[in-house]
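I opened the file to look up a few features and wrote down what I found.

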Amino acid sequence: MNTRGIGDVILDVTNISLAFGGVKALTDISFDVREHELRAIIGPNGAGKSSMLNCINGVYTPQQGAISFRGRSFSHMNSRQVAEMGIARTFQNLALFKGMSVLDNIMTGRNLKMKSNLFQQAVHWGAAAREETEHREFVERIVDFLEIQAHRKTPVGRLPYGLQKRVDLGRALAMQPQVLLLDEPMAGMNVEEKQDMSRFILDVNDEYGTTIVLIEHDMGVVMDISDRIVVLDYGLKIGDGTPDEVRANPDVISAYLGTH
Amino acid sequence: MGFFIETFIGGLMTGMLYALVALGFVLIFKASGVFNFAQGSMVLFAALAMARLSSLLPQWFGFDNLLLANTLAIAAAMVLMVAVAWLVERLVLRHLVNQEGVTLLMATLGIAYLLDGVGQTLFGNSIYKIDVGLPKDPAFILQNVFPGGVLINKEDLYAALVAAALVIALSLFFQKTGTGRALRAVADDHQAAQSIGIPLSRIWVIVWSVAGFVALVAGIIWGSKLGVQFSLSLVALKALPVVILGGLTSVPGAIVGGLVIGVGEKLSEVYIGPYFGGGIEIWFAYVLALAFLLVRPQGLFGEKIIDRV
């Protein structure tokens, strides 16, 4: 699996603990993500997977522990700063801009890359117009890549669920992220849609070398596409390693089969 | 017939002023999902600032030039509205990110009362007049079609042109620019907008400033017609049925809604009023809005909300 040239540690999570009141969502979690790697976080429902992702994304601030990205450590971050550092995400429950077209949704992902100021945009003048065209071309490539050309002008609210998930991915890709966080990209999909989505994820990882952190509770898909897997259960880390190692881990087996 | 057209045009002009206030509602709702109850108070605040400064500035600096005084007063009032926008974001909205719409609505209700109070503390609470040099003389048109012709106010005509220009500019801004797109994105989903690096705080300051600008324009036009006084902030109550009619998310809807209500209430007052003993003008807008809520809750131009079940 090492053919893509997996590099050094790019994202390092150390001793993260997060509690909501008396509920411990995460307890002392540590793991790392290497550059160009496809890293999965799995676990049964309520294991703390999404909480973990939200910590990395700056939505939650963990009570303990630190997260470092490219050697820069941070403990208090907001979503916007994280986005500026080059970390993009998708959402488990779709969070698209429903009233806007597919193109406009993906274009919003270019927001951070736009340099022209408000007044230039307002008069659609020189640099602003040229910039808009460039970004538009970039977005069209993403649309082609995700095979949603036919729906470019459709308001996303009207698309079927599986396609909305692709738009969500497209918007994150438009940010040209260094790390892409995917929160259950295949939840609620049928087998065919899952295969499509797996293919897109692998292609992004392959072609652009984007580091991917993927949350799933469907073990099957994850085992096939991931390089390394973290397993969470009740907010604790119970396994970490290659798919084969994880598959053989007795704690993981009992967590998934429910035998304690 | 001439009288009918006069009434109709009179209604259009009133309607246009409703539309300008409604436009402020729509802007803020479109861009932040907040139903801004303080829009009427912003109109009052902006108009008060403009009216007072245009008479105070010449006194302070000792010049006597109406155009200069008005220009400076408008600029200063705009600066004040940007300051209000900035303070609202800093002190209120920033702390309510991702909260329910109702929470934000209550917050704007608080802002409304605060602005009413602060405005009158700063600028006084008597009736002030705004004179931006709009021609007050009436004009007669269509004199060869009807005996006596049709009377219209030149002032109203200029005001209508300003309003139309404002609407076109704002529509283009929302649809065609990157910032406009970011504004629409924030309206749909705060969290998703943040995750792609749209700066919520800056977006909010921008949109409240634009709404402040619209409030200033509405305040000046209204104030130069009827004078600036506290009752101006109650105009906002007339703008509520307008946004229900036009659709909360539609800029053209605010305009059409305003015109329909303006014309509707004038015509009904004149032609149906006598049968009820008059006073229709006061409640006509609300009854119309109620009917719309029953038949077409998203308004004439609003986005239809389809929920997946």
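**Entry 1: a covered helix in chain B**

I listed the buried residues of H6(B): Gly178(B), Thr179(B), Gly180(B), Arg181(B), Ala182(B), Leu183(B), Arg184(B), Ala185(B), Val186(B), Ala187(B) and Asp188(B). That makes 11 of 11 residues for this helix, which spans 178-188, so I noted H6(B) as mostly covered, with 20 or more other C-beta atoms within 10 Å as the cut-off for buried. I keep in mind that this is a predicted model.

**Entry 2: where the chains meet**

How many residues does each chain put into the contact? I read 22 from chain B and 28 from chain A. On the chain B side, helix H5 (154-176), H6 and helix H7 (190-195) each supply at least two residues. H6(B) gives the largest share of that side, with seven residues. I then sorted the chain B side by class and got nine nonpolar, seven polar and six charged residues.

**Entry 3: two long-range partners in chain B**

I turned to helix H1 (residues 2-32) and helix H10 (residues 251-271) of chain B. Two packed helices are described by the angle between their axes and the distance between the axes. Here the angle is about 145° and the axes are 6 Å apart. H1(B) crosses H10(B) in the right-handed sense. The residues of this contact are 16 nonpolar, eight polar and two charged.

**Entry 4: the domains of chain A**

I found chain A split into domain 1 (1-86 + 177-260) and domain 2 (96-174). Their C-alpha centres lie 27 Å apart. Across the boundary, 11 residues of domain 1 are in contact with eight residues of domain 2. Which elements give two or more residues to the domain 1 side? They are helix H2 (79-85) and helix H7 (191-208) of chain A. H7(A) has the largest share, four residues. By class, I noted eight nonpolar, one polar and two charged residues on the domain 1 side.

**Entry 5: a sheet in chain A**

I traced an open sheet of four strands in chain A, in the order S2-S1-S4-S5, with antiparallel pairing. Strand S2 (23-34) and strand S5 (72-74) of chain A are the edges, each pairing on one side only. Neighbouring strands are turned by 20° against each other on average, direction ignored. Phe69(A) stands opposite Arg72(A) in S5(A). Helix H1 (residues 49-57) of chain A packs on this sheet and touches strand S1 (9-20), S2 and S4 of chain A. The direction of this helix makes about 65° with that of S2(A).

**Entry 6: two positive phi angles**

Most residues other than glycine have a negative phi. I checked chain A and noted two residues that have a positive phi. Gln176(A) has a phi of about 45° and is not a glycine. Gln176(A) sits in the loop between helix H6 (161-173) and strand S7 (179-183) of chain A.

Tyr234(A) lies in the loop between strand S9 (228-233) and strand S10 (236-241) of chain A. With 15 other C-beta atoms within 10 Å, Tyr234(A) is partly exposed.

Conventions:
Residues are numbered from 1 along each chain as its sequence is written. Chains are lettered from A and ligands numbered from 1 in the order in which they are written. This is a predicted model: local features need pLDDT of at least 70, side-chain atom pairs count only at pLDDT 80 or more; totals for chains, interfaces and linings use all residues. A residue is buried if 20 or more other C-beta atoms lie within 10 Å of its own, exposed if 12 or fewer, and partly exposed in between; C-beta atoms are placed from the backbone. Two residues are in contact if their C-beta atoms, placed from the backbone, lie within 7 Å. Ala, Val, Leu, Ile, Met, Phe, Trp, Tyr, Cys and Pro count as nonpolar, Asp, Glu, Lys and Arg as charged, and the others, Gly among them, as polar. Domain bounds come from an automatic or database domain assignment. Axes are lines fitted to C-alpha atoms, for helices over the stretch in contact, and angles run from 0 to 180 degrees between N-to-C directions. A crossing is left-handed if the near helix is turned anticlockwise from the far one by less than a right angle, and right-handed if clockwise. Two strands pair if DSSP finds at least two bridges between them.
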